[in-house]
Amino acid sequence: MGKRETVCISNEEILEQKAFINLIKELNVGKTKKYVLNTFGCQMNENDSERLAGMLSEMSYIESKDNEEAELIIFNTCCVRENAELKVYGHLGSLKKLKEQKPNLIIAVCGCMMQQSEVVEHIKKKFRHVDLIFGTHNMYKFPELLYNSLNSDKNIIEIWEEEGSIAEGMPIERNNSLKSLVTVMYGCNNFCSYCIVPYVRGRERSRSTSEIVNEVKMLGQHNSKEVLLLGQNVNSYGKDLNNVSDFAKLLNEVDKIEGIERIRFMTSHPKDLSEDLIYAIRDCKKVCEHLHLPIQSGSTRILGEMNRKYTKEHYISLIDKVRLNVKGISLTTDIIVGFPGETDEDFEETIDILEKVRFDSAYTFLYSKRTGTPAAKREDQVSEEVKKKRFEKLIIVQNKISREINDELFGMEFEVLVEGLSKNSTSTYTGRTRTNKIVNFIGNEDLIGKLINIRIEKIQTWSLEGKII
Ligand code: SAM
Ligand code: SF4
């Protein structure tokens with residue numbers, strides 16, 4: 001791929017969308033219009049939904065959780081696994097009656113699923129009550145598309161096949177004012193043979209360092225304490241830009257920003273994990289001691305067929321280097337069980353790497369066939385029964401390791417960023433260590449947003465309990 005300057009949507013185009021925001025705002029004067037926004041998938045989708053919410057807020061829409069009182073229901077979809085797609089179809093089906101009762105209700109579907117033409121055809125045929133469909137590349141045009149939908153009886157469908165430029169300067173309403181999501185790059189060039197993301201999110205496009213730094217500075221000034229820098233493969237940040245930047249340099253820049261206390265990032269691809277990045281995690285004071293480094297499989301043969309471009313041995317050597325340089329770092333990973341052609345021996349290699357590396361935790365997935373990817377065309381698919389058996393074994397092994405690692409934390413002291421009340425409690429508060437462990441403790445409201453020290457007094461597999469010291 002050739003080098004390019006950061007290409008952003010022009011100011012004129014952004015202003016055009018802001019003009020549509022104002023037109024809808026005028027339509028809404030004196031009315032209380034509510035919307036329900038359903039988000040599926042990863043944090044990048046969540047961040048996109050925060051932008052949709054920002055636009056809606058400027059149009060004077062109010063968020064609601066209740067479909068019955070909404071004038072607008074949006075689904076921001078994910079297509080990484082079949083389950084997420086089926087959930088969206090289920091929701092759309094259940095809205096048919098409501099749309100009959102409320103013909104002015106607008107039902108919109110957007111995001112990754114809409115970049116697949118067969119999905120759009122299916123929705124057009126089976127869910128005729130959907131009013132508005134748009135994709136990932138033209139999300140910034142939501143105000144114009146919504147305005148057109150409000151002023152037309154016809155279904156509005158606009159999908160761009162090719163990724164466009166990056167849209168900067170659109171409004172955003174964040175779900176969490178303490179911990180903020182900041183997308184640093186879009187798309188993916190890796191084409192792992194099981195994965196749909198490069199087809200629906202396009203090629204890698206990095207935001208300029210100055211845009212990212214300005215966004216984080218604003219967050220720091222508005223009491224955000226933690227930023228999570230997002231990209232499908234943050235380690236290749238900057239490769240598509242002309243200016244000399246990479247992810248390690250970006251971390252160093254963000255580390256200097258006042259107000260922000262913690263920096264996290266995801267996801268890192270093992271093939272691009274550089275020494276400079278390891279040193280940046282070690283040396284940048286605010287970068288937390290946690291690395292999410294998806295391995296996907298412990299079998300070098302399967303990794304080759306997945307097009308991951310590293311071996312089991314290389315992955316282990318990376319982990320050794322990371323642990324040598326960043327004391328006490330916690331490690332998490334993603335694993336796919338039942339990739340086509342995975343034998344019992346291959347699966348045992350995955351169990352073996354879990355035992356060798358000893359991850360703090362692992363996100364485990366059953367392989368899901370994604371139309372259009374090379375792995376979906378293979379005839380040696382693993383049966384659902386075998387996949388499930390392997391999956392269950394994997395979870396038992398990983399849970400034991402996670403518990404043993406947590407057991408070692410008993411009596412230790414950690415800095416915790418206090419996030420708020422623990423679910424269903426009036427006195428137990430919750431927060432996270434720099435290593436991303438959940439810690440629950442008895443506290444009070446004044447502590448929210450503060451960094452406090454806690455001694456661990458009780459261990460569970462997925463969380464810790466402690467006392468303020
Ligand atoms: N870009 C990140 C990476 O390479 O690690 C992750 C992106 S993907 C949205 C998150 C995880 O979903 C992947 O790490 C992989 O484990 C899982 N995944 C992707 N495609 C899948 C598929 N077809 N079936 C099951 N899991 C899948
Ligand atoms: Fe998918 Fe691989 Fe890209 Fe991650 S790196 S988004 S798994 S293609």
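Predicted model: local features only at pLDDT ≥ 70, side-chain atom pairs only at ≥ 80, totals over all residues.
Local features were considered only at pLDDT of at least 70 and side-chain atom pairs only at pLDDT 80 or more, whereas totals for chains, interfaces and linings use all residues. Residues are numbered from 1 along each chain as its sequence is written, chains are lettered from A and ligands numbered from 1 in the order in which they are written, and side-chain values use heavy atoms, with hydrogens and water left out.

Ligand 1 is surrounded by 15 residues, a residue being counted as near if one of its heavy atoms lies within 4 Å of the molecule. The closest of these residues are Gln 232, Pro 294, Gln 296, Asp 334 and Ser 368. By class, the shell comprises seven nonpolar, four polar and four charged residues; here Ala, Val, Leu, Ile, Met, Phe, Trp, Tyr, Cys and Pro count as nonpolar, Asp, Glu, Lys and Arg as charged, and the others, Gly among them, as polar. Strands S13 (330-337) and S14 (361-366) each contribute at least two residues to this shell; helices (H or I, at least four residues) and strands (E, at least two) are DSSP runs numbered from the N terminus.

Polar contacts to ligand 1 were taken as pairs of N or O atoms within 3.5 Å. A polar side-chain atom of Asp 334 lies 2.6 Å from an oxygen atom of the ligand, and a polar side-chain atom of Arg 81 lies 3.0 Å from an oxygen atom of the ligand. Ser 368 takes part through its backbone, a polar atom of which is 2.8 Å from a nitrogen atom of ligand 1. On its own, ligand 1 has 560 Å² of accessible area, of which the protein covers 91% (Shrake-Rupley method, 1.4 Å probe).

The residues around ligand 2 are Cys 188, Asn 190, Phe 191, Cys 192, Tyr 194, Cys 195, Val 197, Pro 198, Gln 232, His 269 and Arg 308. This shell divides into seven nonpolar, three polar and one charged residues.

A cavity is a set of points where a 1.4 Å probe fits but cannot get out, a pocket is an open set with protein on both sides within 12 Å along at least five of seven lines, and lining residues have an atom within 4 Å of a point. Grid points are joined across faces, edges and corners, and a volume is the space filled by probe spheres set on the points.

The structure holds two cavities of 30 Å³ or more.

Strands were considered paired if DSSP finds at least two bridges between them. Strand S15 (residues 413-421) pairs in the antiparallel sense with S16 (residues 428-433) over five bridges and, also antiparallel over five bridges, with S18. Leu 417 has Arg 432 as its bridge partner in S16 and Leu 451 as its partner in S18. In the hairpin of S15 and S16, with six residues between the strands, Asn 424 takes a positive phi near 55°.

Strand S18 (residues 451-459) in turn pairs with S19 in the antiparallel sense over five bridges, Ile 459 being partnered by Leu 464. These two strands form a hairpin with four residues between them. S19 (residues 464-468) also runs parallel to S17 (residues 438-442), joined by three bridges, and Asn 440 stands opposite Glu 465.

Two further backbone features fall in loops. The peptide bond from Met 266 to Thr 267 is cis, with omega near 10°, and Thr 267 lies between strand S11 (262-266) and helix H10 (275-283). Arg 358, although not a glycine, has a positive phi of about 55° and is found in the loop between helix H13 (344-357) and S14.

Technical notes: Polar contact = N/O pair within 3.5 Å; in protein donor to acceptor, adjacent residues only side chain to side chain. 1 Å grid on protein atoms, 1.4 Å probe; cavity = no way out; pocket = protein on both sides within 12 Å on 5 of 7 lines; lining within 4 Å.
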